[in-house]
There are 2 protein chains.
Amino acid sequence: MEALASGREIEMLLVEPESLGEERLQRFTGSCLQAHIPVHQVGRRGLEKLKQTVSPQGVMAVVKERAWSLAEILRNEPSTLVAVESIRDPGNLGTIYRTAAWFGVDAILLGGNCVEATNPKVVRASMGAVFHLPVADGLDIGAELSRPELSGFSVCLADVSAPREYSEMSFTGKTILVLGGETAEFTESLKQRVDHRLRIPLAGRGDSLNVAVAAGIFMAEMAKKGA
Amino acid sequence: MEALASGREIEMLLVEPESLGEERLQRFTGSCLQAHIPVHQVGRRGLEKLKQTVSPQGVMAVVKERAWSLAEILRNEPSTLVAVESIRDPGNLGTIYRTAAWFGVDAILLGGNCVEATNPKVVRASMGAVFHLPVADGLDIGAELSRPELSGFSVCLADVSAPREYSEMSFTGKTILVLGGETAEFTESLKQRVDHRLRIPLAGRGDSLNVAVAAGIFMAEMAKKGA
């Protein structure tokens, strides 16, 4: 439904006729037919072979991949970007998409060593955000952020050992939030481009926060302060 | 390591001798022997049979379960509690433990329809927080929060349709944060006990945030404001 709402090209819809008792699914299939999307009926066993989840919803869509370049993203004059490095867990990456869509982030930039941008678990965890949010992948984040077109952006790195707390940051103006997974090693060029290293202060016990949770706390703060 | 550091009773340690080349694991096994914990050597195939994850770390501990009652938790004079209802995803629940430990929350209260408090995936996602944080499970949250001993607590419900924004809340004094999973239906007694319904405002697009992300945003705000 989110794919259809986003205007993304849906190549075909596969529906299991037994599931069509559900009204929501009936209406959705109707909308797809109306939009000239080919609808194919598949049996329960066919769906079983294709499914990637324990309890499929009786419907699958083949959605055309949409690759974004950073140049295209910049043409839309973004004001807030989130760049991630070394996020291997698809649930975490999909959750970051979902949170970014919620807080109105303009696009996601994926650096090296990340799970594939359209991994099925990423898509599911994103709850449809993957269809709405521009995502550019396979980037050398350090090199890309040094482009002259991005010179007006303040680059903020989430870093558990940073001296400054995230809540001290004003987050006014154009902002790029950079986050890394547990094993992230940032390049020299990225480190040099970073304007602010910020930490979420530890008040109890632990080595780190989950990266999707840390991303959410930063994005909430940025949204609150108008970034 | 976190289980050992927490002082929780470890009944035995199972190690795969081939993994003992790793220095960290050597030191850990040494600490367990020193603490009179029985250490058993198992082969790779034995570990394969017991493992619940794709890449086990070559070591497993049998840790004695520790059930907390709400009465015990209250004896420690907590000031911040997190109560959750209908969280079925173990990764989300474990991540909430991890975040709660980070922000110094005193204990977690689990209502009905939650994944088991000590499900292996909960334990893994908690990154050891499960051993440090008191967790009381199987509670009727509405009934428990109405106890006279909790009358001094301000009960805040995370609710996407609440009229008030979470950032407007002062979060001074004793606080109980209540969160529900996607399918949560709160009882009448809980609704009546709630002092503040608060939302994380939508700035972009989406139906909801992931519950562990929403929990993190609330806990960060509470920690910042001294709750």
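In this predicted model, the second largest pocket holds about 520 Å³ of space. Its lining is made up of 22 residues, of which A:Ala158, A:Asp159, A:Val160, A:Gly180 and A:Gly181 are the closest to the centre of the pocket. At least two lining residues each come from β7 (154–158), β9 (175–180), β10 (196–199) and α10 (211–224) of chain A. By residue class, the lining of this pocket comprises 13 nonpolar, four polar and five charged residues.

A:Ser86 is found in the loop that runs between β4 (80–85) and α5 (90–102) of chain A. Because its relative accessible area is 6%, which is under 20%, A:Ser86 counts as buried. Apart from neighbours within four places in sequence, the residues in contact with A:Ser86 are A:Gly112, A:Asn113, A:Cys114, A:Gly181, A:Thr183, A:Ala184 and A:Glu185.

In chain B, seven strands form an open sheet with parallel pairing, in the order β6-β5-β4-β9-β7-β10-β8. Its edge strands, β6 (135–139) and β8 (164–165) of chain B, each pair on one side only. Strands β7 (residues 154–158) and β9 (residues 175–180) of chain B run parallel and are joined by four bridges, and B:Cys156 has B:Leu177 in β9(B) as its bridge partner.

| Helix of chain B | Strands of chain B | Angle |
|---|---|---|
| α5 (residues 90–102) | touches β4 (80–85), β5 (107–111) and β6 | about 155° with β5(B) |
| α10 (residues 211–224) | lies across β4, β7, β9 and β10 (196–199) | about 165° to β9(B) |

Note on methods. Residues are numbered from 1 along each chain as its sequence is written. Chains are lettered from A and ligands numbered from 1 in the order in which they are written. This is a predicted model: local features need pLDDT of at least 70, side-chain atom pairs count only at pLDDT 80 or more; totals for chains, interfaces and linings use all residues. Side-chain values use heavy atoms; hydrogens and water are left out. On a 1 Å grid over the protein atoms alone, a cavity is a set of points where a 1.4 Å probe fits but cannot get out, and a pocket is an open set with protein on both sides within 12 Å along at least five of seven lines; lining residues have an atom within 4 Å of a point. Grid points are joined across faces, edges and corners, and a volume is the space filled by probe spheres set on the points. Ala, Val, Leu, Ile, Met, Phe, Trp, Tyr, Cys and Pro count as nonpolar, Asp, Glu, Lys and Arg as charged, and the others, Gly among them, as polar. Buried means under 20% relative accessible area, exposed over 50%, partly exposed in between (1.4 Å probe, protein chains only). Contact means heavy atoms within 4.5 Å. Two strands pair if DSSP finds at least two bridges between them. Axes are lines fitted to C-alpha atoms, for helices over the stretch in contact, and angles run from 0 to 180 degrees between N-to-C directions.
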